[in-house]
Amino acid sequence: MSLRDKLSEIKEKGLADIGQTDDLKTLNEIRVHLLGKKGPITAALRGIKELTPEERPEVGSYANKIRDAISEAVAQHRDQLETIQLNKQLAAEKIDVTLPGKPVAQGQPHVIQQIIDQIVDLFLGMGYEVLTGPEVEEDKYNFEMMNLPKNHPARDMQDTFYLSKEILMRTQTSPMQARALEKHDFSKGPLKMISPGIVYRRDTDDPTHSHQFHQVEGLVIDEHITMADLKGTLITMAQNIFGDKFDIRLRPSYFPFTEPSVEVDVTCFNCMGKGCDVCKHTGWIEVLGAGMVHPNVLKMAGVDSDVYGGFAFGVGPDRFAMLKYGVDDIRDFYLNDVRFLNQFSKRGN
Amino acid sequence: MKVSYKWLKQYLDLNMPAKDLAEKIERTAVEVDSVTVAEDGLKKLVVGHILSMKKHPESDHLHICSVDVGEDEPLQIVCGAPNVDAGQKVIVALPNSRIGGNVKIKRSKMRGVESEGMICALDEIGFSKDVVPKEWADGIYVFDDDVPVGEPIYHYLGMDDPIIDLDVTPNRGDMLSIIGTVHDLAAIYDQKPEIKKPSVEEDQSLDVNTEIKATADASLAKTYKLRVVEGVKIAPSPTWLQITLWNAGIRPINNVVDVTNYILLKYGQPLHSFDKDKIDGDIVVRNAKKGEKLVTLDEDEHELSPDDMVISDNDHPIALAGVMGGFNTQIDDETQNVVIESAIFDSFHIRKTAQRHVLHSEASQRFERGINPDGVEDALNEAVSMIKQLAGGRIAQGIVTASEYHPELPVISITAERTNHVLGTSLKLEEIKSIFDRLEFPSVEHGDTLAVTVPARRWDIHIDADLFEEVARIYGYDNLPVTLPTGRQTIGVLTPTQRLQRASRQILEGIGLTQAISYSLTTDAKAKMFLMRDSEPTKLLWPMTQDHTTLRMNLLSGLLDDVAYNHAHKVDDVSLYETGRVFYKDSADQIRPEEVEHVAGVITGNLTDPAWNNHVKPADFYLMKGMVNQFIVNLGIKGEIAYSATDQYPEMHPGRTANISIHGHNVGFVGQIHPQIAKKFKIKETYAFELNMQALIDLPKNDDQYQPIAKYPSVKRDISMIVDRETTNDEIVAVMNKRGGSYLSAIRLFDVYEGKNVPDGKKSMAYSLTYVNPRETLKDEVVNAAFEKIKKRLTADLNAEIR
């Protein structure tokens, strides 16, 4: 048998052994045996010196091919065996993915906070600044500078918690209009602000009244601000908070600090405008009050009402939340039952 | 104001359904509370004629009536009303009819006698008892003779008239009348109604000035006028007038009083009628005297104050001016001569008097909102003419005028440019003029300007902005363009403080706490709890309830109320935080408190639900501390956060509470709620923190500078020691930090143990120390030397036994 035939035989046997192996350890032993210094190829090649110098390179290169073929076969077979082993392992690792995941603690913003944040974000995007003011307010800012002098009948509309004759719990966020107007430097640009906060009324708590609730005041004053701008701004807000399908309508109303004054209705949530018991069959739900800032308010704050003017609005986040989610008792917002609070997922709308 | 659609139609050509009219009013003038038609929901109610009547054999009060209802055979109906009688025309509820309160009437047997329906009283078919005339209050209603038998009743009782209930805003007092409403609707629908001036047929032989004299303080009554009618015959009003009143929610009384109420509805001008023969001497409009008393028409006695305004005769008050008449001078069945008063009383006095005596009448409501000065005399004239017509008598010649007021009518100039500038419209001056034409406001063009004269009936209009409102509403808010403000740009950003506040909420939510919003007003006792500084409580002058009298000086008591509410509703696991204001006062004399932003949190029970793979441990001090620490770390405040044991808060566990300070500034505390306080609030073991958020906002923040990550490997060494039980972690860490050498970068406590294998009074503490040299690989010798030094110092300084 020639050396070449011997090598061929080693190769055939080696490949057969590799193919029959079903575990990685044996495969490695085969590889070490075949290709190692004490292996059959090395042993066979000891006979190379008996060949003629012409034959030697040819047989040498043939031997290398055999080594390569064996290495290749081992690698391939290893891959196969590893895949089989991995599949076995994966099969063994199978779990019931329907078992519940491990609970993770995550708090939620209060639903009213979510509404306020939504309003704030919307108006930030429209270039408004956010101002906050005192909850304990002077009569001057809360009433007088809002065009509600001491004996004004409209003061009866809001019963007030007084701390003294002149100091009270603010009944509205409107005093922030007066405070902002007093401070604002119109040479630096228009005044565009919103002011969220807590307000207080001397009311008995019941499903629709709370002695404490929230308001967001809005105010825009510049040289040319129109009622059409107010209408556009309110539509933008309604659609941003409630959804694109919602429309608004303006109705004449009365607030001492705006003229013209309007009450703003939004499409009824319950019937989407068809008319139902919730909206008293009008298709509309009242959501906020607004108007063009009364010249007296501007004058009292030292702003020239011949040059500057604009609009103001007041939004009730509590009412928005009640309407949006169908909450029928305002007191639920202040009891902080965690089962209630955790229903309002923070999904950004 | 309940407005009759039929009454409006006497002046205006209106054909739309009442609901559409109401919607138009809402969009253009004032809010509409409701539109109701009294007959809605009623069924099979007809006029019946009682042909004959006999006593029920088994009853002493029931009668068996044979009633013609326009069918072939009369019906047999059993009736228990005391005033039922043969010959009457009555309201019959036929078998299978529906009466008020959604009650169905069926054929039935009453004490063995069949009754085919029911003869009804007004309150049984839906009338409010408040409007049913006294005559019909205790029995069935009897129609006038000319009502046709068998016809549905509704038309004959005004129940087919849609009633539009206007919710009039304080500025639109003019709409508290039919004429005012007609004027506005005329503008809305562009119609020209005819409103007739009343004429009076006076008796030349009677001079009013010899009949009665009156004086009035003009500051109390700007206008005060009287007329006299003599020889009237008091009787019930005709049905049409009764219907008009009860549809407006006013009870018909008699022909004289009803006329005054009718005029009130029509003109918005409250009138009062006195029995002339009960007045002693002259009439004076004045302030009440201290100690004076008056029994009003409702037979209540009122103690008067000098702030009240009264009408008096020579000796006594005879009416609470503009609010309610006096009992002693009221019109009764015997009255023959009447004095009718038409006046404008001062709105402020009226409001205060109505409030003081809790008498809010149709009259006071109108005086409070204002009276049309142009209508005072017309109303008076129409009233006496109607009285003469309905009650007979002679109208004395002339009017007694004690005071009189004719305002100068405002003339306001506007331009189209200014109007459009405010409204965002593009109206031409003639379009604007046409709106004022519709409103019947006289206007004159002078070049670009329009001079508008405001009639006296619109006393709410003073300035150009008021006129813009008129233009806007008549033009229609629906027709306004939709735009957004343009002009100089502004940047909308949160301030650094607002960003920090928003971030602080997000951090706390990320840690697992849910935001609560509690009441700022609480009890005095709760307001004073958890006081972080000396402060006096801020109290309301007139609190509404005992639970909300005082402004909070802490957030925690509110959160504990929230925990209690949850526990009471079987929710044991509560994790809440709140941000908000607390109110501090340095002294009791200070009226206005300082408002300080705080943040607080509570946890009780488990933070997460226990589950098959979640073996939770209930909240404890260290969980709360870990949260509050992470919160402060995330805010990036510069300086060390230090915790020191404190027993200064009576509401906190004295051995499980720490003051928190940053760089030496105390910012709040963390700990366990004192078990006794927990018991008082009825809550379980609860951990809490409260921080001065304002202080956290104000403290300097870390520089915006990053620390490079060390390139060389760190080396770890663990150390375990036994120390006295009283030795604190802070003491041990302080020694390590001081003596640890410059490469010690982190100390982590990984075990604390007391018990078996540790002597009594001792504890075992184990730390893992990390060394790193940012400039080169640390050599073992260097670390060993530093580590040995720590061991030595711990032994020497804290008597630690290194294991």
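This is a predicted model: local features need pLDDT of at least 70, side-chain atom pairs count only at pLDDT 80 or more; totals for chains, interfaces and linings use all residues.
Residues are numbered from 1 along each chain as its sequence is written, with chains lettered from A and ligands numbered from 1 in the order in which they are written.

**Exercise 1.** Find which strands pair with strand 6 of chain B.

Solution. 
- Locate strand 6 at residues 89-99 of chain B. Strands (E, at least two residues) and helices (H or I, at least four) are DSSP runs, numbered from the N terminus.
- Apply the pairing rule: DSSP finds at least two bridges between the strands.
- Strand 3 (residues 43-55) of chain B joins strand 6 antiparallel, through 6 bridges. B:Val46 partners B:Val92.
- Strand 10 (residues 118-120) of chain B is antiparallel to strand 6, with 3 bridges. Here B:Ile91 faces B:Cys120.
- Strand 7 (residues 103-105) of chain B is also antiparallel to strand 6, over 3 bridges. B:Ser97 partners B:Ile105.

**Exercise 2.** Describe the turn between strands 6 and 7 of chain B.

Solution. 
- The two strands form a hairpin, with 3 residues between them.
- In the turn, B:Gly101 has a positive phi of about 70 degrees.

**Exercise 3.** Characterise the side of chain B that touches chain A.

Solution. 
- Count contacts (C-beta atoms, placed from the backbone, within 7 Å). 80 residues of chain B contact 76 of chain A.
- Find the largest share: helix 12 of chain B gives 6 residues.

Methods
Two residues are in contact if their C-beta atoms, placed from the backbone, lie within 7 Å. Ala, Val, Leu, Ile, Met, Phe, Trp, Tyr, Cys and Pro count as nonpolar, Asp, Glu, Lys and Arg as charged, and the others, Gly among them, as polar. A residue is buried if 20 or more other C-beta atoms lie within 10 Å of its own, exposed if 12 or fewer, and partly exposed in between; C-beta atoms are placed from the backbone.
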